[in-house]
Amino acid sequence: MFVIHDSDAISDYRVNARIVRGMVDRLVMASTGQPDVARAWGSLVSPNDKVGIKIAAAGGELFTTHHEVVNAIVDGLVAAGQQRNRIIVWDKLLEGVKQAGYDASSAGYQLRAITPRDGYDTKAIFTAPVLGKLIWGDLEYRADPGKTAPLPDDENTSNISHFSKIVANEVTKIINVPVMSNTEANGIAGCLYNVTIPNIDNWRRFTQNSYYGAAAIAELYADPTIGKKVVFNIMDGLLAQFAGGPESQPNYSVPYATLYAGKDPVAIDAVALKKLEQWRARASVPALGQMGAYVKAASQIGLGNAAPERIQVRNVGRAPVE
């Protein structure tokens, strides 16, 4: 995996777009071993691919994937032969993107959310041995049409989740761009989490217990609907958050001015998780511990490397401040 740091990339929560573009370009060239941006992105996607960029938009103005990072990726993809108006940038909800500076009309790409209920594919399913309580927005949630009250809880539970139509049917290659943040339910809202939990319905069952979450997130990523489509990961650590995430909690943030990238999502998550734990310890915040167990679980089923001695982190710019 690769890392790049530039202290001038962010100041007072404001991002320097020119510097960030250079950081993204250097990361993708280093990761692919290509001499220029067009050939770097062209080695990851073909002009015939339908490319999606999965952002993290739960953090509002400050902790949504920075649009400057996304714009650099989109421009690189266009240089590689992608049609700008066919590129999909998406998350489950897009409540924070306008405040975070996203403007799809001027940027030229599609900015999409997952439509409640109708945004999930009835045939693209994931089954796990734990029941979840269905709510409005889940594909199989049912209310009695003759009554105003919903059906009893025991009639609105399921062990099935459905993948979103975007990830199941609309994209053939995914660029995964999470924010470097914790999640109070699953430890780290990193690369593995970012393309799994936000892309399924009936997901709450995987946030109630670290054991179920660990098994499910790893297995969800391993599903061909997701894992085989993810060709590159860039973790946005320009402004990192180590507690209270993925929603905005500026009191637990660090202007880290750093991006991680590579094809191994497990390695990136493992390195980021270690850093989050260090920041939490310094702030006297309880350790994430078992909540981040899915990173090791993903390594155990062959999705990447989580063991520190097996992860090689290569700097392609100034090293992050420890």
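A: Let's begin with a word we'll need: a residue is called buried when its relative accessible area is under 20%. Keep in mind that this model is predicted. Our part is helix α10, which spans residues 293–300. Of its 8 residues, 6 are buried, so this helix is mostly covered. The buried ones are Ala-293, Tyr-294, Val-295, Ala-297, Ala-298 and Ser-299. After α10 comes Gly-302, with a positive phi near 85°.

Ala-257 is not a glycine, yet its phi is positive, about 55°. You can find Ala-257 in the loop between β13 and β14 (258–262). With a relative accessible area of 3%, Ala-257 is buried. Tyr-13 also has a positive phi, near 70°, and is not a glycine either. Tyr-13 sits in the loop between β2 (10–11) and β3 (14–15). Its relative accessible area is 44%, so Tyr-13 counts as partly exposed.

The backbone has another detail to look for, since most peptide bonds are trans. Gly-245 and Pro-246 are joined by a cis peptide bond, with omega about 0°. Look for Pro-246 in the loop between β12 (230–241) and β13 (253–254).

Note on methods: Residues are numbered from 1 along each chain as its sequence is written. This is a predicted model: local features need pLDDT of at least 70, side-chain atom pairs count only at pLDDT 80 or more; totals for chains, interfaces and linings use all residues. Side-chain values use heavy atoms; hydrogens and water are left out. Buried means under 20% relative accessible area, exposed over 50%, partly exposed in between (1.4 Å probe, protein chains only). Helices (H or I, at least four residues) and strands (E, at least two) are DSSP runs, numbered from the N terminus.
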